[in-house]
Amino acid sequence: MKRGEAIAQVAGWLDPSFISIACNGMISRELYHQAERPSNFYMIGSMGLASSIALGIALSRPSKTVVVFDGDGNLLMNLGMLANIAASKAGNLYHLVFDNGVYASTGGQRTISSCVPLESIARASGYRRAARVETVPALMDALPVLFSEPGPAMLLVTVDSGNEPSVGRVKLLPAQLTDRLCAELSK
Amino acid sequence: MTASRSQTFLDEVEEQGYSFFTGVPCSYFGDVIQILESGARYGYVSAVREDSSIGIAAGAFLAGRQPVVLMQNSGLGVAINALVSLNQIYDIPVLLVISWRGQFGDDAPEHLVMGAILEDLFRLLQIPFAVYDTLNFRRQLAELTRTMRETRKPVALVVPREALEE
């Protein structure tokens, strides 16, 4: 499946009250393009830290559901966060990984994710559940299961490499994203 | 019984409104972290890397907390990209409490270069800092905190050897 389709399906399924933290690169751009909303936070730098930011929110606001939109390159860059999240036992943290096997925003150079089962590492680290899906029907079946019980839990979605030319950069300024998420989380 | 330096330090930090603690340890902060982890009053999120702790603290700020990140100055090198491409771009404030290993050039070899360039590095990164001084700490922390809130950027308290031990 295409990454855009996968992200649109997931975002459409999420409750609007959920907080979504999207990693830098094409995943942020795609989430902005497909499902922009004030509870979304798009990263432009600090690769690898979407999951760290999500953990800080999840621990500070246990009543909020926090969803990470991560990529294989981002996760591999900061694999230690799987252990950090698992050890935290944050029940309100759900980790979605869109794995296309490449660094999409730097020209499609391959990552090493084809050799590394990231969902198995999550499970071994102590995530309560971790699964991989490769088709849209399997994704739609997996989403309710993912959120049916407390996390930390991971769903890895295998997606095609390649970018849609129509997906542009996030037009909001970083400080605007900070302000609106602070406002969203103060509700 | 008089309060330990570490407890006094944490009391002042708490009084300034800080309410979330994360980081990677330095032996200089052994007592501070022990207090943070000893009960429900503070809580402490042990992070796997210093840049991860910056990310965790950023999340805490977004969720309404005022975070503190503890780290050794070696970890500042790890955290630089997070500080400049997350905090300084997104206007996410944080109080960094950073030990000054290698301050006088008499530390283990791995600390000597960072120890010598630490102050220059803060200036280069445009991170306002103060070197912990027991007698003036209350004022130092108030000033750093005011700067941090006005600018919405990271500030650093640099902690020399033995300043917070015992």
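Predicted model: local features only at pLDDT ≥ 70, side-chain atom pairs only at ≥ 80, totals over all residues.
Residues are numbered from 1 along each chain as its sequence is written, while chains are lettered from A and ligands numbered from 1 in the order in which they are written.

Let us start with chain A as a whole. It holds 8 helices and 8 strands; these are DSSP runs, H or I of at least four residues for helices and E of at least two for strands, numbered from the N terminus. Chain A has a radius of gyration of 15 Å, close to the 16 Å that the globule rule gives for 187 residues, so it is as compact as a globular protein of that length. Here the radius is taken over C-alpha atoms, and the rule is 2.2 Å times the number of residues to the power 0.38. The C-alpha trace of chain A spans about 40 × 40 × 30 Å along its principal axes. Of the 187 residues in chain A, 50% are buried. A residue is buried if 20 or more other C-beta atoms lie within 10 Å of its own, exposed if 12 or fewer, and partly exposed in between, with C-beta atoms placed from the backbone.

In strand β3(A), 6 of the 6 residues are buried, so the strand is largely enclosed by the rest of the structure. Both of its faces are covered, with A:Val66, A:Val68 and A:Asp70 on one side and A:Val67, A:Phe69 and A:Gly71 on the other. β3(A) runs parallel to β1(A), joined by 4 bridges, and parallel to β4(A), joined by 6 bridges. You can follow A:Val66 across these strands: it is the bridge partner of A:Ile19, and its own partner in β4(A) is A:Leu93.

Helix α2 (residues 26-35) of chain A is another enclosed element: 7 of its 10 residues are buried, so it is largely enclosed by the rest of the structure. Among those buried residues are A:Arg29 and A:Glu30. Their cover includes α1 (3-13), β1 (19-22) and β3 (66-71) of chain A. By contrast, A:Met140, found in helix α7 (residues 136-147) of chain A, is partly exposed, with 14 other C-beta atoms within 10 Å. Its C-alpha atom is separated by 8.0 Å from that of A:Val10, 130 residues apart along the chain.

Turning to chain B, look for an open sheet of 6 strands in the order β2-β1-β3-β4-β6-β5, with parallel pairing; two strands pair if DSSP finds at least two bridges between them. The edge strands are β2 (45-46) and β5 (129-131) of chain B, each pairing on one side only.

Finally, where do the chains meet? In all, 26 residues of chain A are in contact with 25 residues of chain B, contact being C-beta atoms, placed from the backbone, within 7 Å. On the chain A side, α3(A) gives the most, with 8 residues.

Definitions and conventions
Contact = placed C-beta atoms within 7 Å.
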